2 protein chains.
Amino acid sequence: MSLAGKHGTIWGVGLGPGDPDLMSLRAARLIGKARHVAYFRKAGRKGHARGIVEGLLRADVLEFPMEYPVTTEIPVTDPAYNAVLSAFYAQVSDHLAGLALGGDDVVVLCEGDPFFYGSFMHLHSRLAGRVPVQVVPGITGMSAAWTATDLPITWGDDLLTVLPATLPEAELAQRLAGSDAVVVMKIGTNMPKLRRALAQAGRTDETWLIQYASQPGEQVMRLTEADEGRMPYFTIALIHGQGRRP
Amino acid sequence: MSLAGKHGTIWGVGLGPGDPDLMSLRAARLIGKARHVAYFRKAGRKGHARGIVEGLLRADVLEFPMEYPVTTEIPVTDPAYNAVLSAFYAQVSDHLAGLALGGDDVVVLCEGDPFFYGSFMHLHSRLAGRVPVQVVPGITGMSAAWTATDLPITWGDDLLTVLPATLPEAELAQRLAGSDAVVVMKIGTNMPKLRRALAQAGRTDETWLIQYASQPGEQVMRLTEADEGRMPYFTIALIHGQGRRP
């Protein structure tokens, strides 16, 4: 591609679900040799992605933490939320583009898989065409979650639906009822709504909850055994498919 | 667990989408030190999973190729298909259990992620409880496919549906119309039916086809640019979500 040559590359590198041992060989190599490493984090925190690569970075690494200007202070439905985040993504993209135009490669640390509900895509859409951008896929959090249940998610001709728990309750219930296997993401404060939708769909007894899959503190439980109330952000709910099996 | 101790472990190891560099660190380590390696293959072929680990095995490795007794010779709807395959899975599971009971570890090579439409699950269900079984998740073929398109599959609150192209045409069309993002697996000879279902759902123009993602011979094209007719088994169709993005 004509952009390559003297320009550096922005690498969106999937770290996988959290256990550093589940990173790909390519990801580990890129991270281990990177001079510039960038990652998103909540202001005042170390950053979850940064935590995964602890001990794996060069001694002389230059770190660029990209701190979200808001997380839950403004509702996502407020137009101000989009405006503030858009300005933030534009600003950090400009910084990364500047590094690449100056000839430096940058590794952007991405939890899970960069193109599957990841924040990196907001940089990718602003950088593509300006500087070389490459993406390294990763093992998703949902793969680690179903592995933690020690049961397959899909058999034979099972249909799998991945649902954000942010959907309205009625739609959640309808989707939960209409799929063989289900993965529910983005649970957190949506847990009471998800419980009601699962009950309405008649699928409560089949549902598993997995918290911090592949990470320290991993928890696997049936929904019927779980406490009521709010769940950690890294909670995934699963319903396993029961399709054809010889 | 009480099964461990003097027994060996059967490891279901996800190899990822095909590029050996996209294997996890854990997978690479287990494969590199394995004395026993097992893998499925079509009779008379080398085996796709075996090909991915070429050059990575110990010189003194003992290989156990598990050759499918049928692939397409008997339709999956014929009860004989299930009977023949069930006997085959029981037989190879017994062989693997014998190795583990004798104290040997065995690495079973699994394309993609073992618990996501993988054949390993048919061994897992027959081995669990008899001998120690562990699963290492992998990067799925669909992750490699959307990475190859250089576009994110899901944004914000997008809903993703994973559909086997083996479903009836009317159901395929309804599911294609009713989801933001879509991944279609198991295409092969179902391509003409999938084309009709996409047209019926009004989604032909949004559809991408990816063949051999991350592997030699990778092809990425719009459906509207593709030749008519049969596709390789390793073809995935994608429709990208277009959800909220700041």
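Author: A definition is needed before the meeting of the chains can be described: two residues count as being in contact if their C-beta atoms, placed from the backbone, lie within 7 Å. The model discussed here is a predicted one.

With that cut-off, the contact takes 43 residues from chain B and 43 residues from chain A. On the side of chain B that touches chain A, at least two residues each are supplied by α1, α3 (79-101), α4 (120-127), α5 (141-149) and β6 (160-164) of chain B. Strand β6(B) gives the most to this side, with five residues. Sorted by class, the side of chain B that touches chain A holds 25 nonpolar, 12 polar and six charged residues.

Which surface does each copy use? Of the interface residues of chain B, 100% are also interface residues in chain A, and the copies therefore meet through the same surface. The geometry of the pair may be set beside this. Chain B is superposed on chain A by a rotation of 180 degrees with 0.0 Å of shift along its axis, and the RMSD is 0.0 Å. The two copies are thus related as by a two-fold rotation axis.

In general, the strands of a sheet pair through backbone hydrogen bonds, in either a parallel or an antiparallel sense.

Five strands form an open sheet in chain B, in the order β3-β2-β4-β1-β5 and with parallel pairing. Strands β3 (62-68) and β5 (133-136) of chain B stand at the edges with a single partner strand each, so one side of each has no neighbour in the sheet. From one strand to the next, the twist averages 25 degrees. Ile10(B), for its part, has Val133(B) in β5(B) as its bridge partner. Helix α1 (residues 25-33) of chain B packs on the sheet, where it touches β1, β4 (106-110) and β5 of chain B, and its direction makes about 130 degrees with that of β1(B). Helix α1 of chain B is also one of the elements that supply at least two residues to the side touching chain A.

Chain A has an open sheet of five strands as well, with parallel pairing and the order β3-β2-β4-β1-β5. Its twist averages 25 degrees from one strand to the next. Within this sheet, strand β2 (residues 36-42) of chain A and strand β4 (residues 106-110) of chain A pair in the parallel sense over two bridges. Ala38(A) has Val108(A) in β4(A) as its bridge partner.

Two helices of chain A may also be examined together. Helix α3 (residues 79-101) of chain A packs against helix α4 (residues 120-127) of chain A at an angle of about 60 degrees, the axes being 9 Å apart. The crossing of α3(A) past α4(A) is right-handed. Among the residues in α3(A) that take part are Tyr89(A), Val92(A) and Leu96(A), and those they meet in α4(A) include Leu123(A) and Leu127(A). The contact of α3(A) with α4(A) comprises seven nonpolar residues, two polar and one charged.

Finally, there is the division of chain A into domain 1 (10-139) and domain 2 (142-239). The centres of these domains of chain A, taken over C-alpha atoms, are separated by 27 Å. Six residues of domain 1 of chain A are in contact with six residues of domain 2 of chain A.

Conventions:
Residues numbered from 1 in each chain as written. Chains lettered and ligands numbered in written order. Predicted model: local features only at pLDDT ≥ 70, side-chain atom pairs only at ≥ 80, totals over all residues. Pairing = 2+ DSSP bridges. Helix = DSSP H or I, 4+ residues; strand = E, 2+ residues; numbered from the N terminus. Axes fitted to C-alpha atoms, helices over the stretch in contact; angles between N-to-C directions. Least-squares fit on C-alpha atoms with pLDDT ≥ 70 in both. Nonpolar A, V, L, I, M, F, W, Y, C, P; charged D, E, K, R; others polar. Domains from an automatic or database assignment. Left-handed = near helix turned anticlockwise from the far one by under 90°.
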